[in-house]
Amino acid sequence: MSKTVLKFYRGTHGMGVCISVTYEKDRIIFDFGAPFTPLAQVYDGTVRPRNVSKVKDSILLGKIPPVEGVFNRKELQGLDVLPYEECDINSAVMICHLHLDHMSEADKIAPEIPVYIHRDGIRLQELLYVVEGTAKYRDYIPFEYHVPFRVGQIEITPFYSDHPCPGSAGFLIRTPDSTIYYSGDIRFHGTDAQKAFDELKILKKEKIDLLIVDATTTSPSEFVHGTKMDKIMKEPSQDLLEGCISEQDIYDDIYRSLKDFGGLGIFNQYDRDVSMIRHMYDLGNRLGRKTVFEPSFACILHEFTGIRAPICHIDSSVIPAYREQMETDWEVISADEIRKAPERYLLQNAYRNILSLTDFDGVQGKYFHLFGEPLTEDQKAWNIMRNVLNKLGWQFFSYSNLYSFSHAYPNQLAYLVKQIGAKTVVAVHSKEPERLNSVDSLQVFPEEGKDYTLTDGELKPWNR
Ligand SMILES: [Zn+2]
């Protein structure tokens, strides 16, 4: 019998993927974030998280599953979960990218357990501590694409994944008797999609027993064409089918919309989507407009590209040190300058600073929601955002939805499954995994919290 044992703690019916692969006394766990649940989120900005009890509270609230041997005894405060100190397994945690549903709970992991993130993800995290003014809570170990590393007898090789966050990766996992691929979050319609297709050519040559795949868009509520999803939508192909949009289509649409517009262009994006920051900077140039960023976004752009974009001033009672320096050394564009010639600017605005837009009342504006907070239409903040923009009389534009922007369309997902050609496939990160087209692979639906062995590519319940 195979010695490779898997446990699906979470992610087989939604987000917050947390899975372990164990071989004898070595174990890797991939991803360690809480699912994105805006309507049931306890820490809504009003309820204060408790620092002393963060591990216990997180487990009790279901933000993180009770993984054995990962949390320090004193942090568990009597919860019935095997503490790190009593566990004889050599563990490591892999994070596929820096979005919160994959790593928000990494601060709860015992500091003795190594946590791996791509080099670029670590660069971004280091910068987020500075711009968000949060304390650094732990160190990470960097990995590179295509460079294998080991956790005891388990070998891990990261692959490039087309996702908006820098350093996004999938993991090829080899134990002495099995080969597994975990896709991480993946799509094939970003501006670097070809790189992701090229990775599939390499993976196709591997004999993969089990594919664990991000199948977000199989759920109609999260795929924009869900209601009219017909058969063709699920047939494996690389094509961008009618009605599906690429990341580039969004930039082109904004270009057309602002090209002859005499007012201000405003956009709201997520600061962790670094390549989009870069593309919006370039789009400003293409339009003959200056792209003006809030200091934190400009800081991130500078770290990854060396570009010093113009910044705006954000009103706050205490100005953090990094901003003080930027406001002296960098080009600062005042609200007055923008008001006088709005057609010369493309302005980035984060929702938390939405009130700074009232500086431009009376100016014509087009506001592009590019998947920044609030992330989805079902959030209360979405209505507040729309309300403020209505008061300013600005036009509002949004594209597909967060899930379709960040995850592979169903036909491209089926193409991935076909190329990898694993014996068995498990769909994760989806509310309706049974709608995946598993092509020639056998799709199985493991129960969360139970052990499974992987023998000759077959996933079977394991009773110790
Ligand atoms: Zn995700």
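**Salt bridges in the predicted model**

Lys 54, Glu 105, Asp 107 and Lys 108 are joined in a network of salt bridges. The model is a predicted one, and the count of salt bridges in it comes to 31.

**Asp 107 and Lys 108**
- Asp 107 has a relative accessible area of 22% and is partly exposed.
- Lys 108, at 9% relative accessibility, is buried, because buried means under 20% relative accessible area.

**Arg 119 and Glu 144**
- A salt bridge links Arg 119 to Glu 144, with 2.7 Å between the closest N and O atoms.
- Arg 119 belongs to helix α4 (residues 119–132), whereas Glu 144 sits in the loop between β6 (141–143) and β7 (149–151), so the pair ties together parts that are 25 residues apart in sequence.
- Arg 119 is partly exposed at 38% relative accessibility, and Glu 144 is partly exposed at 31%.

**Asp 336 and Arg 339**
- The closest N and O atoms in the salt bridge between Asp 336 and Arg 339 are 2.4 Å apart.
- Asp 336 and Arg 339 lie in helix α10 (residues 335–340) and are 3 residues apart, so about one helical turn separates them.
- Relative accessibility is 39% for Asp 336, which counts as partly exposed.
- Arg 339 also counts as partly exposed, with a relative accessibility of 35%.

Notes
Residues numbered from 1 in each chain as written. Predicted model: local features only at pLDDT ≥ 70, side-chain atom pairs only at ≥ 80, totals over all residues. Heavy atoms only, no water. Salt bridge = Lys/Arg side-chain N within 4 Å of Asp/Glu carboxyl O. Buried < 20%, exposed > 50% of the residue type's maximum accessible area, 1.4 Å probe, protein only. Helix = DSSP H or I, 4+ residues; strand = E, 2+ residues; numbered from the N terminus.
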